[in-house]
Amino acid sequence: MFKKKRFLIGGIIILLALGYLGYTSFAGAATYYYKVNEVLAKGSSVIGSNLRVEGHVPLDSVVRESAGRLIKFPITDNTSGQSIPVVYQGVVPDTFKAGNDVVVEGVLGSDGTFLAQTIMTKCPSKYEPVTQ
Amino acid sequence: MAELGYIALLLALLASVYSVFAFIFGKRGSSPALLSSARNGMLVVCGLVSVSVLALAYSLITHDFQVEYVASYTSSDMSFPFLISALWAGNDGSLLFWAWLLAVFGAVVTLQKRDAGRELLPYASTVILLTEIFFLILLLFVANPFVRLNFTPSEGQGLNPLLQNPGMLFHPPSLLSGYVAFTIPFAFAVSALLTRRLGDEWIVAVRRWTLAAWLFLGLGNLIGAWWAYVELGWGGYWAWDPVENASLMPWLVGTAFLHSIMMQRRRGILKVWNMVLIILTFSLSIFGTFLTRSGILSSVHAFADTTMGPFFLVFIGIILFGSLGLLYYRSDWLKSEAEMESVVSRESTFLINNLLLVGAAFAIFLGTVFPVISEAVRGVKITVGAPWFNQVNGPIFLAIILLAGLCSLIGWRRASVSNLMRNFLWPMVAALILALVIFIFGARQPYALLAFFLCAFVLFTILYEWFRGTKARHNIRSENYLKAFFGLIGANRPRYGGYIVHIGIVLIAIGVIGSSFYNVEKEVTLKPGESVSIASYTLTFESRDTFQTQSKTVDSATLTVASGGRLLGKITPSKFLQNNYDQAVTEVAIRSSLIEDLYIILIGWDEGDTATSFKVIVNPLVAWMWVGGVILLMGGLISMWPQQQRLPAQNNEEAKESARKVGDRKSQQKGRSNQRGAVSSGRSSSGARR
């Protein structure tokens with residue numbers, strides 16, 4: 001069907017361009033995804049780089065300040081109980097609640113506090129009985 | 001009642017298995033009686049699964065909380081529409097809904113009056129039924145929605161208030177219909193491979209199904225974006241969340257398929273590619289269904305981690321390897337009938353469009369499963385976020401839009417470059433002028449300017465083409481311009497429906513570009529009486545009040561909106577806490593116009609203090625996304641609208657000829673060093689629908 005070589009060459013060029021696009025965008029956007037104890041185990045090597053951390057928010061541990069624009073909470077590991085303090089500025093998703101699992105994305109500071117830019121939750125209470 | 005639902009599913013499974021055998025043996029033994037029985041079997045399956053769905057719906061409506069599913073997703077105070085929507089709110093129910101849609105579509109396929117594809121029906125129905133069997137097995141043994149608790153709760157847990165929004169009524173059914181509807185073209189494709197009826201027959205037989213599936217999936221995605229925008233309230237509409245991606249990928253590949261089957265019908269090329277595309281589309285649809293319930297990828301959509309993952313993966317494996325293997329066996333029958341003659345041709349634009357669409361889908365796929373791959377390869381999960389997807393897909397989608405403009409003015413087979421330049425002159429000039437105007441009005445971002453220019457170019461090429469067509473018709477038929485215009489559309493519904501769809505896409509693109517590049521946001525804490533200004537607006541916080549309704553406690557803040565000194569109105573973002581659900585819901589307030597949306601989120605406050613925090617966003621041009629969606633729907637419907645046309649030659653004979661020649665050639669291979677290329681049968685495109 002493709003008698004002329006230029007079709008093949010054109011197609012390869014497009015594919016290479018796409019590959020290049022994907023590769024160059026990757027450097028800035030790749031984010032490591034760790035559990036809490038993994039982050040603590042890595043220690044200072046992950047300070048300053050963009051991370052996602054998965055963990056648990058203990059009950060009654062969320063502190064809200066600045067008329068709701070700042071929240072602080074520890075994110076704890078489900079197995080080992082270790083925790084990292086998290087500070088988040090911005091709109092808190094409605095589904096965020098103490099007592100549930102959460103994933104935060106942001107940067108670990110040199111003082112050990114995690115500065116979160118994004119909070120991600122699942123729709124938790126669908127599958128557990130509402131504790132009244 | 002719930003037991004009835006379960007038994008109905010069991011009977012449906014038996015009927016499906018019977019029908020599969022009846023179809024296969026009926027077809028092979030050419031037994032009309034057996035085939036007729038098999039077709040009835042399909043209708044019986046539809047009836048039984050419908051009974052099952054009705055049973056679940058009945059349990060939901062009558063608040064039968066002893067059924068675990070009903071207790072998990074509903075409560076006594078829910079209104080009727082949301083009780084019905086609970087059918088697809090949970091994992092098990094949505095699987096039942098999937099099975100029901102497939103059974104209904106299968107029944108429609110069986111009953112459809114059919115000019116093309118009668119011989120394909122038995123095996124196509126078999127494929128549909130085999131898919132149905134997969135879902136029935138899941139429902140009966142792994143994800144039973146009719147499980148009863150051993151006690152009766154006095155009240156159900158209710159639907160998460162975030163889901164109690166009109167979006168819930170339309171987004172899942174539309175998406176699911178899209179996924180399910182792609183089973184039909186896939187089934188006919190496999191049937192064509194099995195029966196070696198590899199001309200255009202299978203494509204003609206499923207054209208409307210393909211369009212409908214594509215429409216449902218596309219609109220489902222758009223409704224989801226709208227819902228996220230107005231309800232989830234972070235100011236955006238698409239987050240490249242794994243489950244969002246899972247429904248975008250089949251749509252992209254489906255779009256490529258829609259276009260390339262046109263090429264097969266006109267020029268007899270890309271036959272193998274079309275098969276690959278529909279196999280991919282269907283596999284991605286099942287993959288999308290799987291992703292929501294596997295727990296493999298963290299997502300706001302993901303249902304709880306369930307044991308269904310392996311089942312789905314095995315099923316997808318069977319589909320992929322089975323159909324691709326069959327395709328390989330039949331590849332001799334799928335030789336092209338013509339050549340690609342020129343780089344400057346409509347075929348060329350379609351080809352590039354296909355490459356780009358599949359490329360985008362592949363990029364999205366890679367980005368979505370990257371955490372799984374990196375964990376398997378390097379032991380550490382690496383995720384790619386929204387920036388990556390935006391940077392990669394932005395240029396791709398822009399290029400696709402450009403092609404949509406170019407394709408309407410380039411002829412088939414070969415177009416002369418000078419002719420091209422003449423056709424593009426006016427739209428190009430008009431688009432440049434518009435871009436200049438936007439530039440003068442303050443838009444400076446080069447990427448956005450380029451994007452707007454391309455969108456304007458495409459719009460103008462389509463309008464120019466319409467104008468020329470209308471004028472020609474006016475001249476030939478002496479109709480007035482208005483009558484000529486509608487007559488033109490009416491006489492060429494697929495073509496003009498397609499143009500209208502392109503216009504819709506461009507409008508959506510304009511909305512995306514405006515809101516991505518020119519949005520402004522501010523976070524602020526205000527005491528009553530204080531103001532904040534953003535873009536051209538000044539917002540003054542008046543007061544925050546709390547009041548109770550029958551089912552919830554509402555905290556509502558009132559702000560006045562002014563622009564250029566003129567008072568525009570009030571706006572009230574709020575939060576509410578439902579009495580029976582332990583989660584607050586933020587209701588954003590949006591003041592929408594065609595130019596921009598003023599979007600306000602009530603963030604919070606300290607107890608006992610009147611100072612209140614807000615996030616204020618101005619999103620330009622977002623309304624065009626929803627307008628574009630409506631136009632897209634209109635275009636799709638016009639394209640599907642039946643129109644009297646002669647049925648084109650089936651070309652099964654030509655495919656048979658090709659295969660015979662390839663067979664001859666292969667048996668003479670020893671002693672020959674030259675191979676001739678594809679057989680050219682000179683399919684004519686002149687006089688066909690232009």
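Just after helix H16 of chain B, Ser478(B) takes a positive phi of about 55°. That residue belongs to a predicted model. Chain A and chain B touch in this model: 39 residues of chain A are in contact with 48 residues of chain B. The points below take the chains, their contact and the strand pairing in turn.

**Chain B: overall build**

- Chain B holds 20 helices and 11 strands.
- Its radius of gyration is 28 Å, close to the 26 Å that the globule rule gives for 690 residues, so chain B is as compact as a globular protein of that length.
- The C-alpha trace of chain B spans about 95 × 70 × 60 Å along its principal axes.
- Three domains are assigned in chain B: domain 1 covers 1-164, domain 2 covers 416-518 and domain 3 covers 520-620.
- The centres of domain 2 and domain 3 of chain B, taken over C-alpha atoms, lie 39 Å apart.

**Chain B: helix H16**

- Helix H16 of chain B runs over residues 446-477 and has 32 residues.
- From first C-alpha to last, H16(B) reaches 46 Å, close to the 46 Å expected at 1.5 Å a residue.
- Ser478(B), with its positive phi, comes just after this helix.

**Chain A: domains and confidence**

- Chain A is divided into domain 1 (1-30) and domain 2 (31-126).
- Between the centres of these two domains of chain A, taken over C-alpha atoms, there are 39 Å.
- The mean pLDDT of chain A is 80, and 89% of its residues score at least 70.
- Among the elements of chain A, helix H1 (residues 5-29) has the lowest mean pLDDT, 82.
- Strand E5 (residues 83-89) of chain A has the highest, 91.
- Over residues 124-132 of chain A, pLDDT stays under 50. The model has 11 contacts beyond four places in sequence for this stretch.

**Where the chains meet**

- On the chain A side, 39 residues are in contact with chain B.
- Two elements of chain A give two or more residues to this side: H1 and strand E1 (30-35).
- H1(A) supplies the largest share, 12 residues.
- By type, the chain A side divides into 20 nonpolar, 10 polar and nine charged residues.
- Strands also pair across the two chains: four bridges join E1(A) to strand E1 (residues 381-384) of chain B, and the two run antiparallel.
- Thr31(A) stands opposite Thr383(B) in this pairing. Tyr33(A) stands opposite Lys381(B).

**Strand pairing inside chain A**

- E1(A) also pairs within its own chain, with strand E2 (residues 50-56) of chain A, in the parallel sense over four bridges.
- There, Tyr32(A) has Leu51(A) in E2(A) as its bridge partner.
- E5(A) and strand E7 (residues 114-120) of chain A run parallel, joined by three bridges. Tyr88(A) stands opposite Ala116(A) in E7(A).
- Strand E6 (residues 101-108) of chain A pairs with E7(A) in the antiparallel sense over six bridges.
- E6(A) and E7(A) form a hairpin with five residues between the strands. In this hairpin, Gly112(A) takes a positive phi near 90°.

Conventions:
Residues numbered from 1 in each chain as written. Chains lettered and ligands numbered in written order. Predicted model: local features only at pLDDT ≥ 70, side-chain atom pairs only at ≥ 80, totals over all residues. pLDDT = per-residue confidence, 0-100. Contact = placed C-beta atoms within 7 Å. Domains from an automatic or database assignment. Nonpolar A, V, L, I, M, F, W, Y, C, P; charged D, E, K, R; others polar. Pairing = 2+ DSSP bridges. Expected span 1.5 Å × (residues − 1). Rg over C-alpha atoms; globule rule 2.2 N^0.38 Å.
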